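Let's take a walk through this model together, with the coordinates open beside you.

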There are 2 protein chains.
Amino acid sequence: MRVHARDNVAIIVNPEGVAAGAEFPDSLTAREAIPQSHKIALAAIEPGQPVCRYGEIIGYARRAVEPGQWVREEMIEAPAAPDLDTLPLATRPPAPLPPLEGFTFEGYRNADGSYGTRNILGLATTVQCVAPTVEYAARRIRAELLPRFPHVDDVVAVTHPYGCGVAIEAPGARIPVRTLQHISLHANLSGQPLLVSLGCEKLQPARLFPPAFAGQALPVLEAANVIRLQDQLGFAETVAAILRAAELRLIQLDRRRRHTCPAAGLVVGLQCGGSDAFSGVTCNPAVGFAADLLVRAGATVLFSEVTEVRDAVHLLTPRAATPNVARALIREMRWYDDYLALGQADRSANPTPGNKRGGLANVVEKALGSIAKAGSTALMDVASHGEKVTGKGLIFAATPASDFICGTQQLASMNLHIFTTGEGTPYGLSLVPVLKVSSRTALAEKWHDLIDLDAGGIATGAKSMEEVGWEIFHRVLEVASGRRTWSEHWGLGNALIPFNPGPVT
Amino acid sequence: MRVHARDNVAIIVNPEGVAAGAEFPDSLTAREAIPQSHKIALAAIEPGQPVCRYGEIIGYARRAVEPGQWVREEMIEAPAAPDLDTLPLATRPPAPLPPLEGFTFEGYRNADGSYGTRNILGLATTVQCVAPTVEYAARRIRAELLPRFPHVDDVVAVTHPYGCGVAIEAPGARIPVRTLQHISLHANLSGQPLLVSLGCEKLQPARLFPPAFAGQALPVLEAANVIRLQDQLGFAETVAAILRAAELRLIQLDRRRRHTCPAAGLVVGLQCGGSDAFSGVTCNPAVGFAADLLVRAGATVLFSEVTEVRDAVHLLTPRAATPNVARALIREMRWYDDYLALGQADRSANPTPGNKRGGLANVVEKALGSIAKAGSTALMDVASHGEKVTGKGLIFAATPASDFICGTQQLASMNLHIFTTGEGTPYGLSLVPVLKVSSRTALAEKWHDLIDLDAGGIATGAKSMEEVGWEIFHRVLEVASGRRTWSEHWGLGNALIPFNPGPVT
């Protein structure tokens, strides 16, 4: 499978790979056995000459490569990351695609104008100290109270490893604090969680919801909705207090009903995890097509993962709607370059053993495949780590690439998540449905009770990119309307891990 | 309550504080109302003159203080941290105290020579991606299998937020990796957990247990004890595979019995959390007395929390057994100074709102109270973050002060935990029993079903330090032998949060 006319490598589609001597229709012969999703040279490549995939240079040959050879990781010298000082700014913003009218989902309307895709009782927390207590209470609520409230989907302990033992005045602390602010007021919690605090922690309730948040926070900070453990008479009393407050909230939440909402109310976060060389040609571009459909329907689409965008940033800055948006994207790349350098690392630390086994030679090849999720529309805005996205259209929300940290940060804004995977991961989140799309049919078949949608047919020719893209788009509307995903079926929610570049004390 | 003859401040013991005009036996009169656990001036203090508690300077008066005045946080200028270049090295190592013979506990003997205080089936994990799956399996095992194995205490999903999306080659990564190595082979898991891996993650099973670990890791890495999700046929099959492996391990674990073990087999981690001004005069020195008893009985005692030792390090380096031990302590202080500076913070970021409400003026006063836990014996060794402690006696195991991060790191070594608290926190760990000791009787009464032991009687004169110290020592032996703590009763286990000073990608 060759992606672009300029490419001098292609990837092997056959599940069992190819044997040495295998002949291709265009008279190319494999000079050695090559596993599935790994690269074969389409032409001779001289030492120092570019190796091209996606029409872009993914590196330079370290030695002479013959046509039909397996082009392995160690044969490619990665190029330097694009220079952030010379990037084109908003030079080719794509013209808007024709709007898609009339698409809707059945969701929940919140007082602040946001839309929920689920109706969840949230037990937000200020600090890790209270997490086991809140999880204990959540189990009791689920077992003893929830059955009486059939219109409430779930109760979720919104626990996390932040809140104390941290330098909360350090510059880096703004990121986890604002991430938790927004998650605590998540649209799927109707913006009104209960809040459980210890009492002596650094992240006091009034710090989690400072005056600037007053508009949104007022209902949260009603005394009845804040439970402070150090005011309670022991553990059993604490749990009883949480259960009493929870019952009052459940009565309110149970009155809510799904209403027809415009597709523009969706905020869809995109992420890939456990990627292979197919990800960039099947699931990611199919999700990119669906992203274009969502943008045309007026929705918000977030793509993220700084280290998986860094090496393709030269393809994105021209697509920015304005020079300022391009500059904001560059600002996020630079911030992360500096952050990694401080820890004596760089973006080459990104690819995993699985990525490499899956045929991805380096972070450049990974990034080119990763940004395919962003489709083809103009980049409308850039949000910094943990900021809440309020705009419409395609938006870069800066996050680390780590699946669980990226997902946590996207939760500051998103009400639905699309997750593409090649190697497979049983990823899920408790606050939003996660729609998992596989890069290969073999994975979808093997993980039949984890993968929601298969994009592997694109590689075999069984389906077109557009078909799979529309399939994803329609499934997004169904899931937003209440159709359960596999991770919801099994109750799989990865832990919330806010990104904390600040020091712990 | 005055601690030292040199002190010019004392703390108020009365639960309701004192009113303005209240007279003390020594003819001191309170000039204003002062809350419990806050400081009263015993003499006039001129501007710029030292404020002394514990016989040490906790700061300098910012303005003139009259006898009987409330000495509040803002009236005290904190001193600079002790200069690390001029500290006395092993100048006054205390002579060994008389050995305590014949103390034992009923524990589990492991093949590697370590002793368990509980008999737990551990489901260790390489990466956060598998955490919800493993937690799901653990719930099934607890409900369906565990009742058939009455000699097994529990099944614990040893999940954590590390393993992928991290710069695993960065210098900082050694810390979380070795922390997880040691925790995975914890003495309470008989050193033989099952290991669940995703497959494509950075922290591969062979990286978690590299050849250097072979001696310990061999049993772990038996193929039957490693379950790789990407080899499994979907979620239900994965869970079934974990349950099958778990049943085989449960059969083995159920054959284990408690045997009489020497008290020297205990590795007791000390920590304080939610401290108040009483902590340094009741629970912490009582724990310090118990620490001396444990050391005399041949056990290992770990104290930790770099930022709560930093300002009292000049009291510890003279106590080091050798100059090299003192230098190792200084090395850990310096490393943390640099780490905090990199994040634009310093040790003054440590105290919490609750500490200050509880009367602790600054990190110096907090540190002086904190190190009281370390008792009076010689400092025998220093372990770096996440290293496994193998020596006997009093050892400084470097950790951040954050309760859940400190606890996680101490788990690399400890088989029992003592946790002192003044404000109160429902802290617990799943892998070891946590004995919670309160600084004030009011807390022990209020949190009657969370606090295991009260040291508050020391402040009121109801009990002596020695009495409470012996009480803690005997309770340690009982808990090590199987007596359950309150956090075990309720099943409260804080999340494992390995310290990761390296960057995430």
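In which hand, left or right, does α6(B) pass α14(B)? The crossing is right-handed. Please keep in mind that this is a predicted model.

**The helix pair in chain B**

Helix α6 of chain B covers residues 283-296, and helix α14 of chain B covers residues 465-480. Their axes lie 8 Å apart and meet at an angle of about 55°. Because of that angle, α6(B) counts as oblique to α14(B).

From α6(B), the contact draws on Pro285(B), Ala286(B), Val287(B), Phe289(B), Ala290(B), Leu293(B) and Leu294(B). They meet residues of α14(B) that include Met465(B), Glu466(B), Gly469(B) and Phe473(B). By class, the contact between these helices holds 12 nonpolar residues, 1 polar and 1 charged.

**The domains of chain A**

| Domain of chain A | Residues |
|---|---|
| domain 1 | 1-80 |
| domain 2 | 120-253 |
| domain 3 | 262-490 |

Between domain 2 of chain A and domain 3 of chain A, the C-alpha centres are 29 Å apart. Their contact involves 11 residues from domain 2 of chain A and 13 residues from domain 3 of chain A. On the domain 2 side, helix α2 of chain A (residues 174-184) gives the most, with 6 residues. That side of domain 2 of chain A, sorted by class, has 6 nonpolar, 4 polar and 1 charged residues.

Methods: Residues are numbered from 1 along each chain as its sequence is written. Chains are lettered from A and ligands numbered from 1 in the order in which they are written. This is a predicted model: local features need pLDDT of at least 70, side-chain atom pairs count only at pLDDT 80 or more; totals for chains, interfaces and linings use all residues. Domain bounds come from an automatic or database domain assignment. Two residues are in contact if their C-beta atoms, placed from the backbone, lie within 7 Å. Helices (H or I, at least four residues) and strands (E, at least two) are DSSP runs, numbered from the N terminus. Ala, Val, Leu, Ile, Met, Phe, Trp, Tyr, Cys and Pro count as nonpolar, Asp, Glu, Lys and Arg as charged, and the others, Gly among them, as polar. Axes are lines fitted to C-alpha atoms, for helices over the stretch in contact, and angles run from 0 to 180 degrees between N-to-C directions. Angles under 35 degrees count as roughly parallel, over 145 as roughly antiparallel, 65 to 115 as roughly perpendicular and the rest as oblique. A crossing is left-handed if the near helix is turned anticlockwise from the far one by less than a right angle, and right-handed if clockwise.
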